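Q: I'm new to this one and would rather get to know a single part well than skim everything. Could you pick one stretch, walk me through it slowly, and then show me what surrounds it?

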Protein chains: 2
Amino acid sequence: MPVAPGKPVPTEGPQETGGNPRAGAPVGATHPLTDGPTNVRLAQYDAEVKASFDRIVPVLKEIASHRYAPDFTERARRLARDTLGVELPDHLLDDAWVAGIDMRRLFGWCVFASYHRASDAFYANDPLGGRDDPAFQRFLLDCGFHLMDVTPCADGRLAHAISYVLRLPYGNVRRKSYAGSLFDIENTVEKWVETELQRFREGVPNTADAPTRYLKTVIYHFSSVDPSHQGCAAHGSDDEAAARAGWERLEGFRQAIENGFCCGASVDLLLIGMDTDTDAIRVHVPDAAGRCDLHRWLHARDLYDATAHMTQQQARAHLTEAVRAHAAGTDGAGRPAPGPARRGLGRKGPATVPAGGPAEGMVALIARLIENNISQIDLVRQMHAGRYQDTGHAERFIGAGIGFEEIQLRNLTYFAYLNTVEEGAADLDVGIRIFSGLNVSHGLPVPVVVRHDYHGSVPGARQRAVGHVDRIAAALLARYPQLVAQGLLHVLRVVRDCDAAHPIEIVGSTLEPAAAEH
Amino acid sequence: MPVAPGKPVPTEGPQETGGNPRAGAPVGATHPLTDGPTNVRLAQYDAEVKASFDRIVPVLKEIASHRYAPDFTERARRLARDTLGVELPDHLLDDAWVAGIDMRRLFGWCVFASYHRASDAFYANDPLGGRDDPAFQRFLLDCGFHLMDVTPCADGRLAHAISYVLRLPYGNVRRKSYAGSLFDIENTVEKWVETELQRFREGVPNTADAPTRYLKTVIYHFSSVDPSHQGCAAHGSDDEAAARAGWERLEGFRQAIENGFCCGASVDLLLIGMDTDTDAIRVHVPDAAGRCDLHRWLHARDLYDATAHMTQQQARAHLTEAVRAHAAGTDGAGRPAPGPARRGLGRKGPATVPAGGPAEGMVALIARLIENNISQIDLVRQMHAGRYQDTGHAERFIGAGIGFEEIQLRNLTYFAYLNTVEEGAADLDVGIRIFSGLNVSHGLPVPVVVRHDYHGSVPGARQRAVGHVDRIAAALLARYPQLVAQGLLHVLRVVRDCDAAHPIEIVGSTLEPAAAEH
């Protein structure tokens, strides 16, 4: 267990971090719809957590400079405890006088300890306040949706999509990240089935006769600063390909539901693009038949500008009207929309569907998402001078497996959602390649957290989850033998009972005394 | 494609096969409840399919004896075509004059071709007549069950459990085989959810307000001839351990449903033991609270003897009464049952559950299963002199993946139900070990059919299924590099659209010209 129990988090402010020099108090004017206090809180949380990781290298350098001191062990311990809040264990220090200090192992230990502490704080304190928001759940139902299921890309630059970019309560939204946003249709059909049954049997979140639908959303991404290099790697930084692939997957899901289930079963779909440099979104507003135009969108940045000098009330009305008008093929002022001719993709709607915009509920949801995104645009403008300095990858560790609800921060984690290394090999290889640049090129190991959440109410589920992480960790180490041989890959094994607000449980790592062979 | 299209199956009778010398016309008296005509048909189908595999080695020996003939290629082709119904391809024969004949590759080709033909015949002709039996579905509903879900052991000696041992229509019963009968609880909960939703939405097979339940059944196995060696390998040939593990898994499933879903959700459970030497079953009749006693059972062999001289009507009444009386703790004559004291396992029933036997529906179902099994006992008595000659493993190939509905024959296939080699490694290793004895020790390769069924109604599902079998085949070859290097492992890749009565589709194999490196 690499964390110091009960140890308080060091209290340096975010402005002192090495990784994010511009983070600090907000400056300048904000949009009337921007939630200033929340922005301060979110920026502070982000800076604090990242600082706890970014302090590790300077502190280890300092520790290394004491390597010849007669009281090295004691100094190293004290430094790690006082500056990182991490207890270094005996077995990583005791033999340093004869074998030298293994800085790679110390680095891995500190990364895992920092992850453990951040995770515990998340489950204990709910720092984002998003565990459960009944008001949002009611709003969603009023909009005609009983579940919002979002697939962002697995890219670490989208890991904050729910809690920051869209400002949604993470506990009321299903998130499943996939490389290229290419979610698994079969898995999503299973979730749809589970959701419908709960409505039929338990009336949760509403009864099955209520005319609401399952809303599946895909967020693809692009880079406004360096479009041809920092877009989605899975789609060769080609925005149009990313949008098309996302929409095809969404349509595939809808067809699977409509073909696989009778009685008019269907779902609603929403495609969103996200600029990873500014966090501004663009929404492909669907038409009344649920079709989406890949070449037209509403850009939150434009709406920010158009409404920046209005009152809150005026701005909100403008957003709603803009969404409604956009789908109808006109701009907010009722003129025909500019840009390429409309190209509705996918199926033709049934003849009974009226032409024009989507249902009012969809309009209201999209307007809300854009309003929420305006706060995030301001956060990035104010705390990061308009755009992130880390336009590329800067993740601190790889998360592999199932779970990681507590990872809601940008560029903290490269996420590989997987059941097995065999199936997730391509995504893992991408992650290892990213960390070869970030860490290995500097002689630092790749830290991987292998995770499996389970339902504690199912007998034996914990034991099977432990079996899963053990298997995945073994397969991971077997896949990258050269990194392992050089001490450049370390793995932490974690399970969690997701039936309750339990913290994670560490079940092992390659840094334990018994795992010294790694 | 290793099969000769449109080639009729050679018509040698079963009595000419090498593998099963005793199979032939039934002899001797049978039980009044035995379905004689069906027994003849089932025995014949079993003998024919197995004969098509068991002819391969003699024919290849014959082919090998012609290796120095100037017209070897033509002779080999003719022999294979006339005796096996298999077309040997050019690329396996053309270089024989210089490189020698690769008998291992020819063997693999013939096994895969025989599998392909048997599979095609199964889907085309439904030789077991079990694709759909509305009468059984109605009977099941009348008994209080809307789905019967059976997990036999993955052992090839139980592959005929549904269609032969229990005489159930395979199309109306869910079968998922697992090593040691240790089925996956999470996967079964998913199936339960899917089943309930179908009842709610579509009223199929009945509406959700009907008081029927999902019935989960486990079949463990033992050997009466060689109990300490030929029982279940996964449980060290320990019958009691096999029964206990099966029951614990069943109880775990019930708890998962009861804890995970509200409104009184539950399931019914049934534990059955099977003697792999005689195919006789023993049923652990549950009590009124759904509990099961691991140390008491009704043995079909005893009931066979007790009713052998009755009329059909008397015999049926006796079976029903025996089931009812057994659960109540008395034997058929109302006397207290012999044997160890009753040890009800698992949960205590609620106080409102009456003591005594199960519901009448469960009694009727068990009586039916025993009656059906009596036919199978007679089949084994008559066609195999009371017990199988192949008490141990004698499978013809390994089936790995998801599907194989057409495999309903004893000792034809060692089955490894898996999504990935990573998860199924232990089961595969057992299979490879079995075939090391059966095939490799005689210089013959291990034939593995990798299979993934898909729902054609789901867009892209076929393409993903092909991706799955490609991935599994690659992982399989990577796991056993020594066998591959020696040409002792061959893999056929197969997918199937299970939404319709489609035949299988071969998508590749290690025996194709392009796969010559294997």
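A: Start with B:Asp184, which caps the N-terminal end of H9(B): one of its side-chain oxygens sits 3.0 Å from the backbone nitrogen of B:Glu186. That's a polar contact, meaning a pair of N or O atoms within 3.5 Å (within protein, one must be able to donate a hydrogen and the other to accept it, and residues adjacent in sequence count only if both atoms are side-chain atoms). Helices here are DSSP runs of H or I with at least four residues, strands are runs of E with at least two, and both are numbered from the N terminus.

A quick word on what you're looking at: this is a predicted model, where local features need pLDDT of at least 70 and side-chain atom pairs count only at pLDDT 80 or more, while totals for chains, interfaces and linings use all residues. Residues are numbered from 1 along each chain as its sequence is written, chains are lettered from A and ligands numbered from 1 in the order in which they are written, and side-chain values use heavy atoms, with hydrogens and water left out.

How far should the 18 residues of H9(B) span, and do the ends agree or disagree with that? At 1.5 Å a residue, they should span 26 Å, and the end C-alpha atoms are 25 Å apart, which agrees.

Which residues of H9(B) are tucked away? The buried ones are B:Ile185, B:Thr188, B:Val189, B:Trp192, B:Val193, B:Thr195, B:Glu196, B:Leu197, B:Arg199 and B:Arg201. Buried means under 20% relative accessible area, exposed means over 50%, and partly exposed is in between (1.4 Å probe, protein chains only). Those buried residues pack against parts of both chains: H9 and helix H15 (461–479) of chain A, plus strand S1 (145–152), strand S2 (173–175), S3 and H10 of chain B.

That brings us to the other chain. In total, 33 residues of chain B are in contact with 32 residues of chain A, where contact means heavy atoms within 4.5 Å. About 2,800 Å² is buried between the two, with carbon and sulfur atoms giving 60% of it. Buried area is the accessible area (1.4 Å probe) that two parts lose on being put together, summed over both. B:Leu197, B:Arg201 and B:Glu422 supply 26% of what chain B buries against chain A, more than any other three residues.

In one salt bridge, B:Glu186 meets A:Arg464 at 3.2 Å, N to O. On the side of chain B that touches chain A, helix H9 (185–202), helix H10 (239–260), helix H14 (421–438) and helix H15 (461–479) each supply at least two residues. H9(B) gives the most, with 11 residues. By class, this side has 16 nonpolar, 7 polar and 10 charged residues. (Ala, Val, Leu, Ile, Met, Phe, Trp, Tyr, Cys and Pro count as nonpolar, Asp, Glu, Lys and Arg as charged, and the others, Gly among them, as polar.)

Now follow the chain past the helix. Most residues other than glycine have a negative phi, and most peptide bonds are trans. The bond from B:Val204 to B:Pro205, though, is cis, with omega near -5°. B:Pro205 lies in the loop between H9 and strand S3 (213–222) of chain B. Over in chain A, a cis peptide bond joins A:Val204 and A:Pro205, with omega about -5°, and A:Pro205 is in the loop between H9 and S3 of that chain.

That chain A loop also holds A:Asp209, between helix H9 (185–202) and strand S3 (213–222). Is A:Asp209 buried or exposed? With a relative accessible area of 67%, A:Asp209 is exposed. Its side chain makes a polar contact with the side chain of A:Thr207 at 2.6 Å.

How values were computed: A salt bridge is a side-chain nitrogen of Lys or Arg within 4 Å of a carboxyl oxygen of Asp or Glu. The expected span of a helix is 1.5 Å times one less than its number of residues.
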